[in-house]
Amino acid sequence: MTSTETSQPGPGMPSIPDRRRWFALAIVMTAAFMDLVDVTIVNIAIPSIQRHEGASFSQIQWITAGYALAFAAGLITGGRLGDIHGRKRVFLIGIGGFTLASALCGLAATPEMLVGARILQGAMAALMVPQVLAIVHATFPAHERGKVFGLFGAVVGLGAVSGPLLGALLTEWNLFGLEWRPIFLINLPVGVAGLILGRRFITESRAPYALKLDLVGVALVTLGLLMLLYPLTRGRELGWPVWGYVSMGGALVVGGALVAYERRKAARDGSPLIELSLFRVKSFAAGIAVQTVFGIALGIFFLVWTLYMQFGLGWGPLRAGLTGVPFSIAVSVAAGVSVQKLVPRFGRGVLQAGALVMAAGLGLYIWESERYGLAIASWQMALPLVVMGAGMGLIVAPLTDAILSEVPREHAGSASGLISTVQQMGNALGLGLVSVVFFGVVDERIVSAGAGPAFVDGFQHAVGWVAGVMVVIFLLMFALPRRAAGHAEGGVDEPVVAAEKEAALVH
């Protein structure tokens, strides 16, 4: 998200009358809700897109991974653009571009056009989303922010639960014979209203001392990820050609060039995309590793889960969407309990317990899938999903605090932005790895066993890998501090951190 250290209004910023201020809040919250719903709404409609547009499975991966990659690559830069050029201005550009990209998605004539529109949509979200918390931070006095960020958390939770259900309903209803397209077109009236009302009710603010842009850093990050992700998603279809391995090896070279460039930029003007000095803080380095690997696990699971229910089991979108409700509720409940009751008492152990509980839920899911096969029912999935959701809730809520606990105050904003960015990058990488851990098994089994059993086998194999990843996360967490330092010492406003980590979870 955007930097908390640059989220104060500039000198002389006019105060906003009460009614105007709350209108501005409603507008930015609606934009945040639109983005969050759009992320969660797509997965449930993927089988419909595949069937009606003839999209290959690698294109299906890029419909989700392209968004995550563009969002990750532009997130920090989007926040800085708002600090430099004005948060209202960049927010309006972002929401306008997001609305246009949504229209292009809904009107896409080919899978390639849809992938391109989704990448544009992710880039526009990277302009829009970081401004939401910054506008709120600059608009409301400190004594009101707790209530405001509490509302933001509620909006995030509502988006997480309602996105899959809304996607399922819109796909199932097949409005005007448009099949999956209304999941994107529904953004148009919301986006246009946000653009018109935002011009009127949001007051402009800037950071008095904004950092400079690091476009070279953004380009190197994007290039490195593309060189890694493209061969992963296309390699299976193309028979794993030599150029794919060369490209993935070259991604390491680009990563080395990024580190060298960021060091020089830090020495030259103090505004690198990645503050490398943060990685000398053991808890931050370990936490970033946890966040990245956790993003990989989530990227793999959610796409594979959707394909398993709709392709493997033959369920409709509505049944698949309703099946996930216990998971979302369990995440929300466990997240609240972990922050309020458990972490103050048990510290790091809560996160580690969450990793093991989530791994246990994944193992239980594999067992049930093997036992019941194609006859498994939604209610039989409820137990493993609740266990998984509880474990996930124990992790996502306190993880950001643990990562930031030993970060110096002056770098808290950069660290917060980097946490959200690596979460998205991990998610994109996980979506790319679906080709390896899922489709590799499906391709081998589909000829002899048929589509349904092949997808069930692929699901079990992929979920086994995700469970193994959760054990790795458990071990990485030993490098986190036993107890996070207080927020006053950590240098980050508690409501901002809470809102950021919930948004990162949903994305």
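Reader: Are α3 and α7 roughly parallel or roughly antiparallel to each other?

Author: In this predicted model, α3 and α7 are roughly antiparallel to each other, a label used for angles over 145 degrees, whereas angles under 35 count as roughly parallel, 65 to 115 as roughly perpendicular and the rest as oblique. Helix α3 covers residues 87-106 and helix α7 covers residues 187-201, and they pack at an angle of about 160° with their axes 9 Å apart. The axes are lines fitted to C-alpha atoms, for helices over the stretch in contact, and the angles run from 0 to 180 degrees between N-to-C directions. Helices themselves are DSSP runs (H or I, at least four residues; strands are E, at least two), numbered from the N terminus.

Reader: Before I go on, what should I know about numbering, pLDDT and hydrogens?

Author: Residues are numbered from 1 along each chain as its sequence is written, and side-chain values use heavy atoms, with hydrogens and water left out. As this is a predicted model, local features need pLDDT of at least 70 and side-chain atom pairs count only at pLDDT 80 or more, while totals for chains, interfaces and linings use all residues.

Reader: Which residues of α3 and α7 make the contact, and what is the handedness of the crossing of α3 and α7?

Author: The crossing of α3 and α7 is left-handed, meaning that the near helix is turned anticlockwise from the far one by less than a right angle (clockwise would be right-handed). On the α3 side the contact includes K88, L92, I95 and G96, and on the α7 side it includes N187, L188, G191 and V192, where contact means heavy atoms within 4.5 Å. By class there are 7 nonpolar, 7 polar and 2 charged residues between α3 and α7; Ala, Val, Leu, Ile, Met, Phe, Trp, Tyr, Cys and Pro count as nonpolar, Asp, Glu, Lys and Arg as charged, and the others, Gly among them, as polar.

Reader: At what angle do α3 and α4 pack?

Author: Helix α4 (residues 111-139) packs against α3 at an angle of about 150°, with the axes 7 Å apart, and that makes α3 roughly antiparallel to α4. Their crossing is left-handed, and the contact has 20 nonpolar, 5 polar and 2 charged residues.

Reader: And how do α13 and α14 pack?

Author: Helix α13 (residues 348-372) and helix α14 (residues 378-404) pack at about 160° with their axes 8 Å apart, which makes α13 roughly antiparallel to α14. The crossing of α13 and α14 is left-handed, and the contact has 20 nonpolar, 4 polar and 1 charged residues.

Reader: Changing topic, how many residues has the largest nonpolar core?

Author: The largest nonpolar core has 109 residues, and those with the most contacts inside it are F284, Y308 and M470; such a core is a set of buried Ala, Val, Leu, Ile, Met, Phe, Trp, Tyr and Cys residues joined through side-chain atoms within 4.5 Å. Helix α10 (residues 282-312) gives the most to this core, with 16 residues. Another core, of 34 residues, lies apart from it and has V28, Y67, L127 and V155 among its members.

Reader: What is M470 in contact with?

Author: Leaving aside neighbours within four places in sequence, M470 is in contact with F294, A297, A355, M358, A359, L362 and I395.

Reader: Which loop holds F176, and what is the phi of F176?

Author: F176 is found in the loop between α5 (142-173) and α6 (182-185), and its phi is near 55°, a positive value in a residue other than glycine. F176 is exposed, with a relative accessible area of 81%. W240, also not a glycine, has a positive phi of about 50°, sits in the loop between α8 (215-234) and α9 (242-269), and is partly exposed at 32%.

Reader: How many helices and strands has the protein?

Author: The protein has 18 helices and 0 strands, and of its 507 residues 59% count as buried.

Technical notes
Buried < 20%, exposed > 50% of the residue type's maximum accessible area, 1.4 Å probe, protein only.
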